[in-house]
Amino acid sequence: MTAVTPTPTAQYLDLFARRGERSGEAAPVRLRRRQAIERFEAAGFPGRGDEEWRQTNIAPLLRSAVTEASREEVGARQARRFLYQGCDRLVFVNGRFAVELSSIPKEIAVSSLADLEATGGAADAVAEHLGATVDGRASCSADAVVHPFAALNTGLFEDGAAIVIPAGAAVERPLQVLWLSAPAAGAAADSLEVSFPRLLVVAGENSQASIIETFVAVNGAAGGYFVCPAAEFVCRAGSVLHHTRLQADASDAFHLGFQHTELERSAVFDSSSLTFGGGLVRNDAVALLDGEGAHCTLDGLYVVAGSQFVDNHMRVEHRQPHTTSHQLYKGVLDDRARSVFNGRIYVHKAAQKTDAKQTNRNLLLSRSALANSNPQLEIFADDVRCTHGSTIGRLDEDALFYLRARGLPREQAYGMLVYAFARELVEKTSFEPLRQDLEGRLRASLNGGPGGGEAA
Amino acid sequence: MATATDTIEALAQRDYEYGFVTDVEQDTAPPGLSEEIIEFISAKKNEPRWLLDWRLDAYRGWLKMVEPDWANVRYEPVDYQSICYYAAPKSDDDRPKSLDEIDPEILATYEKLGIPLKEQEMLAGVAVDAVFDSVSVATTFREKLSELGVIFCSFSEAVQDHPELVRKYLGTVVPRRDNFFAALNSAVFSDGSFVYIPKGVRCPMELSTYFRINAMNTGQFERTLIIADEGSYVSYLEGCTAPMRDENQLHAAVVELVAHEDARIKYSTVQNWYPGDKQGVGGIYNFVTKRGLCEGRRSKISWTQVETGSAVTWKYPSCILKGDDSVGEFYSVAVSNNRQQADTGTKMIHVGKRTSSTIVSKGISAGEGQNTYRGSVRILRSAEDARNFSQCDSMLIGDRCGAHTFPYIDVANPSAQMEHEASTSKIGEDQIFYCNQRGIETEDAVSMIVNGFCKEVFRELPMEFAVEAQKLLEVSLEGSVG
């Protein structure tokens, strides 16, 4: 540790002060940045006493000194490993746009947030939406408080992508947004490189598109780093947006992200969040169903081992009648891994005929793994159908015996059963290269069976 | 035919039927809370020194605590210095030996409540330990119970007659500084019931206490302690109604249960305290700490509650499943109407091997009522092959009420199996239509559907209570739905 360690909050405020104001930025965005950092300053980091953060221990993060992510160059070959064939791509290295690695589709307006004039096309959308909702304030109910990390991102993001899908467009090729972390090789061991990836997607009326976000680290990235992403999705009336979020950071990385979605009439947002990497992971997702007939799906899978910790916090608000939402989260936990699932469905008085479903299923593979599941319902309308379910358990011994009786080695039988448990989330995507990648990752993480070592 | 709206209004306008005040001279301590008051209470009850010290320690702990605000309820802050912490009927000095000696006004109160003691006495096998405010006025069937060695008496008597048992068990399940309200209760508890069932005895009758809050500004602080020794069985009933009041009354009870090896305790509650008027004025604050300890192997504790009264309810009957193969159960029906708020649920803490727990909770919200289920299931690392099943269903009647579910599930042992299910629904138009078609009036149809919704819980109630509970539910909701 360095001799003088500033207080956790001060470090980030200092980053903000050093960054200064950017000239090219639209006035509303500049204002929102300042407001966000003020809110962050007022609220500070949450403690264990804060109900929303009760089960997430961010102390290790707060203990670390942070520095701005270094400007590393990543070769095309290194990046290619994470890119899918058959889709357009935006590549960001340490949160900065790498134009030479990217291919920008023609039918979509895409801008790098750091250089709106040059890339053009999405400037208006950025001025209107960027940072307007993302720190959680807009999710109206009284107990919605400032999300400190979303506020940090709004205040501090350096670059990011703004994607505007024009009304009526049906974009065939998926768009992959690759967020590469490449901490400098010789970085001081006692400080974290922090990046603030930022994404804004506006799906125009009756448009259709598919977005894939990938969070990974370049080969052999060791030493901790901190990714603090925030994403906003605005789904106009009748739009259909598919979203997959694959998080495979280094196993000692910090990843605390926030995602905010707003849906207008009859819009559909179908999102999957897949967590394989990261040491301390927290994903917050908010969805506001703000138009009749809107539907959102928030699915997730977390496959963690070692001492990984993953926390998924969801909040789905039904604000208008005839809205539907589905959540299915599955977790596989090995070794000393810990998971938290906290899903809240909030049905406003006006939202009659709501149909909401929330399911969380956990599989514990080791004696030291711990799963916490808090599915919550808050309902103020009377003509609704809301259900939630939660299960925690281990693999069925009978099924295991059945497979072993047929000559399968223990590891293989285990892998097969766990794969069967998780596959519905992996096989959900219709985009073949992504599906194969997910399948491979799932298999790789199950390789060798449960790590506890103790015979079942 | 009455429409939904009409009938909801009809219910909303219904006055509290059991609201009346009995004039009985009271021996009351001055309002306020201090060490002197606690010493006064203790002296009044002729308590031993260790109990006074125990109370004072709880009080000193309480002073440092803050009132919890995490529950999903809103209420006017309580001024703890304006409450009288002791009130005893005048007749305390020469206790009545039979019903004839009891103040006829008290008897009349019971009469109005529909639970005349005389009839109770004759009712098949029910012993009634009636708490009128803070001191027990009459206890019945004691001799028959004492033949079997069962101790069933008021808490103050237990302190005098069985100090060794009280001292051994008091505060072992709910420590004196457990939480804000439990600490308050530990400091000032006035009376309550004490039950001890000796080894191998199956208590031949349902033990029952009727609590009744009376006298202005008197919070009631009962303390109940039930001990079931090895291989014994007891079923305990608790039920309450209260007169109409303008000022909020605080009720902070503590119930402790201890079940030794192979013992079984069944604890049933019907709670119908004054819920406040339509604007939510008055009404009882019900902040209760109830906890059972399954100490021995194969022990079992079962909580059943029907909560229809009180303005604000804050109550989480819990089980600590310590003994191997022990069983915890929680069955609950909570109704909140008008401006009532209920934040209730349970905690099941699995410590021992092969422990299992069942939670069935039914919440009904009507008018502007807010009903919250808040439960916690914790399976510790030591709880090999633990099993939990939870189901919490909510029913909404009308569009101004709310239903909330906050289950917390923490599992630290992979051999555990736990399931949680919850649903929210309302009475379907089609269900009503179906009944109407077959000549069943809307009101009867609703009553039928609601009773069906709660059936799983009512089934768990002892005979005497099942009838009362259904009647209560009808009174609380009858005419409220279409």
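Strand β21 (residues 370–379) of chain A pairs with β23(B) in the antiparallel sense, over six bridges. One of the pairs can be named: A:Ile379 has B:Ala403 of β23(B) as its bridge partner. This is a predicted model, and the report starts where its two chains meet.

**Where the chains meet**

At the interface, 30 residues of chain B are in contact with 32 residues of chain A. Which of them gives the most? The answer is β23(B), with ten residues. By class, this side of chain B has 14 nonpolar, eleven polar and five charged residues. For the complex, the predictor gives an ipTM of 0.70 and a pTM of 0.79.

The average pLDDT of chain B is 78. In this chain, 75% of the residues score at least 70. Two stretches stay under 50. One is residues 118–128 of chain B, for which the model has 23 contacts beyond four places in sequence. The other is residues 132–138 of chain B, with 36 such contacts in the model.

**Chain A in outline**

Chain A has ten helices and 22 strands. It has 456 residues, and 53% of them are buried. Take the contacts in chain A between residues at least 6 apart in sequence: 82% of these join residues at least 24 apart.

**The nonpolar core**

The largest nonpolar core has 242 residues. Those with the most contacts inside this core are A:Ile163, A:Ala287, A:Val347, B:Val195, B:Leu257 and B:Val411. Strand β15 (residues 280–289) of chain A gives the most to the core, with seven residues.

Now look at A:Val347. What does this residue touch, leaving aside its neighbours within four places in sequence? Its contacts are A:His318, A:Thr354, A:Ala356, A:Glu378, A:Ile379, A:Phe380, A:Ala381, A:Val384 and A:Cys386. One of these, A:Ile379, is also the bridge partner of B:Ala403.

**A buried strand in chain B**

B:Val195 is another of the core residues with the most contacts. This residue belongs to β6(B). Why is strand β6 (residues 193–197) of chain B described as largely enclosed by the rest of the structure? Because five of its five residues are buried.

In a regular strand, side chains alternate between the two faces of the sheet. Both faces of β6(B) are covered. On one side, B:Ser193, B:Val195 and B:Ile197 are buried; on the other, B:Phe194 and B:Tyr196 are buried.

β6(B) also has strand partners. Strand β5 (residues 151–154) of chain B pairs with β6(B) in the antiparallel sense, over four bridges. There, B:Ser154 stands opposite B:Ser193. Strand β8 (residues 223–228) of chain B pairs with β6(B) in the parallel sense, over four bridges. In β8(B), B:Ile226 is the bridge partner of B:Val195.

| Strands | Sense | Bridges |
|---|---|---|
| β21 of chain A and β23(B) | antiparallel | six bridges |
| β5 of chain B and β6(B) | antiparallel | four bridges |
| β6(B) and β8 of chain B | parallel | four bridges |

**Two loop residues with positive phi**

Most residues other than glycine have a negative phi. A:His322 has a positive phi, near 60 degrees, and is not a glycine. A:His322 lies in the loop between β17 (309–318) and β18 (324–333) of chain A. A:His322 counts as partly exposed because it has 18 C-beta neighbours inside 10 Å.

The phi of B:Asp325 is positive, about 60 degrees, although B:Asp325 is not a glycine. Where is B:Asp325? It sits in the loop between β16 (318–321) and β17 (327–336) of chain B. B:Asp325 is partly exposed, with 18 other C-beta atoms within 10 Å.

**A proline in a helix**

A:Pro148 lies in helix α7 (residues 148–156) of chain A. Is A:Pro148 buried or exposed? A:Pro148 counts as buried, because it has 25 C-beta neighbours inside 10 Å. The cut-off for buried is 20 or more. Leaving aside neighbours within four places in sequence, A:Pro148 is in contact with A:Phe40, A:Ala43, A:Phe45 and A:Pro46.

A:Phe401 is another matter. A:Pro148 and A:Phe401 are 253 residues apart in sequence. In space, they are 48 Å apart, C-alpha to C-alpha.

Definitions and conventions. Residues numbered from 1 in each chain as written. Chains lettered and ligands numbered in written order. Predicted model: local features only at pLDDT ≥ 70, side-chain atom pairs only at ≥ 80, totals over all residues. pLDDT = per-residue confidence, 0-100. Contact = placed C-beta atoms within 7 Å. Buried ≥ 20, exposed ≤ 12 C-beta atoms within 10 Å, placed from the backbone. Nonpolar A, V, L, I, M, F, W, Y, C, P; charged D, E, K, R; others polar. Pairing = 2+ DSSP bridges. Core = buried A, V, L, I, M, F, W, Y, C linked by C-beta atoms within 7 Å.
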